[in-house]
Amino acid sequence: MIFGRSERGKPPVEPVTLKILVAGGFGVGKTTLVGAVSEIRPLRTEELLTEAGRPVDDVSGVEGKHTTTVAMDFGRITLREDLVLYLFGTPGQERFWFMWDELSEGALGAVVLADTRRLEDCFAAVDYFERRSIPFLVGVNCFEGSARYPGEAVRQALDLDDDVPVVLCDARDRESVKEVLIGVVQHAMHHAADHREPVIG
């Protein structure tokens, strides 16, 4: 752009900005997902795991994890010239769940990231979004060395409604994460259209 005008002589496009939450259990890859796709340096609020947290932070399955998000992760991605997503990663441990209400304010939808080795860790996020009628998609983060299950098996294990998308993804891979984000935006738009009040004329 040159002096507020695009190079082709068209006025600049004011993008629509949408807020997407990234939730799930402790150590499932939320911070990694936001960092993999953000076009800005992600804001991270990670702290070292300590001895004091050992009784409440279950690291089984993620023994190599040494830090945890204590407030949120924040990133941004431009999907099109006229569409920008702001990504808010929620903290995974129960003691930080009080932040979820603040973070979910104004959200279009959410990604619930799941690890099939610890699937029960995403129940709280699924329940949270179902209770608040926030449209969400389940992204199964395919960790190396973990068993792969078809989306339908994950849907049944989580007792999800048929309209909730379940996709396999790699939270480290930018293109994989973009597909997840496009999926949640499309799902949220369909959800909004399906729940729109009919106009009485």
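Visitor: Which residues line the largest cavity?

Guide: Gly 25, Phe 26, Gly 27, Val 28, Leu 113, Ala 114, Asp 115, Arg 118, Asp 121 and Cys 122 line the largest cavity. Before going on: this is a predicted model, in which local features need pLDDT of at least 70 and side-chain atom pairs count only at pLDDT 80 or more, while totals for chains, interfaces and linings use all residues. Residues are numbered from 1 along each chain as its sequence is written, and side-chain values use heavy atoms, with hydrogens and water left out.

Visitor: What makes a set of points a cavity, and what makes a residue part of the lining?

Guide: On a 1 Å grid over the protein atoms alone, a cavity is a set of points where a 1.4 Å probe fits but cannot get out. A lining residue has an atom within 4 Å of a point. The structure holds two cavities of 30 Å³ or more.

Visitor: What is meant by the volume, and how much space lies in the largest cavity?

Guide: Grid points are joined across faces, edges and corners, and the volume is the space filled by probe spheres set on the points. By that rule, about 50 Å³ of space lies in the largest cavity. The second largest cavity has about 30 Å³.

Visitor: How do the residues lining the largest cavity divide by class?

Guide: Into five nonpolar, two polar and three charged. Ala, Val, Leu, Ile, Met, Phe, Trp, Tyr, Cys and Pro count as nonpolar; Asp, Glu, Lys and Arg count as charged; the others, Gly among them, count as polar.

Visitor: What lines the second largest cavity?

Guide: Its lining is made up of Thr 116, Val 140, Asn 141, Cys 142, Ala 147, Arg 148, Tyr 149 and Leu 168. By class, that lining has five nonpolar, two polar and one charged residues.

Visitor: Why is Asp 115 called buried?

Guide: Buried means under 20% relative accessible area, exposed means over 50%, and partly exposed is in between (1.4 Å probe, protein chains only). Asp 115 has a relative accessible area of 3%, so Asp 115 is buried. Buried residues make up 45% of the 201 residues in the protein.

Visitor: Where is Asp 115, and what is in contact with Asp 115?

Guide: Asp 115 is found in the loop between E5 and H3. Contact means heavy atoms within 4.5 Å. Leaving aside neighbours within four places in sequence, Asp 115 is in contact with Val 28 and Phe 143. The C-alpha atoms of Asp 115 and Gly 139, 24 residues apart along the chain, are separated by 8.8 Å.

Visitor: What puts the buried residues of H4 on the same side?

Guide: In H4, Val 154, Arg 155 and Leu 158 are buried. They cover an arc of only 105 degrees around the axis, which puts them on the same side of H4. An α-helix has 3.6 residues a turn, so residues three or four places apart point the same way. The buried residues of H4 pack against H3, E6 and E7.

Visitor: Why is Ser 133 called exposed?

Guide: Ser 133 has a relative accessible area of 53%, so the value is over 50% and Ser 133 counts as exposed. Ser 133 lies in the loop between helix H3 (123–131) and strand E6 (136–141). Although Ser 133 is not a glycine, its phi is positive, about 55 degrees.

Visitor: Is Asp 159 buried or exposed?

Guide: Asp 159 is exposed, with a relative accessible area of 63%. Asp 159 sits in the loop between helix H4 (151–158) and strand E7 (166–169). Asp 159 also has a positive phi of about 55 degrees although it is not a glycine.

Methods:
On a 1 Å grid over the protein atoms alone, a cavity is a set of points where a 1.4 Å probe fits but cannot get out, and a pocket is an open set with protein on both sides within 12 Å along at least five of seven lines; lining residues have an atom within 4 Å of a point. Helices (H or I, at least four residues) and strands (E, at least two) are DSSP runs, numbered from the N terminus. The arc is that of the directions from the helix axis to the C-beta atoms.
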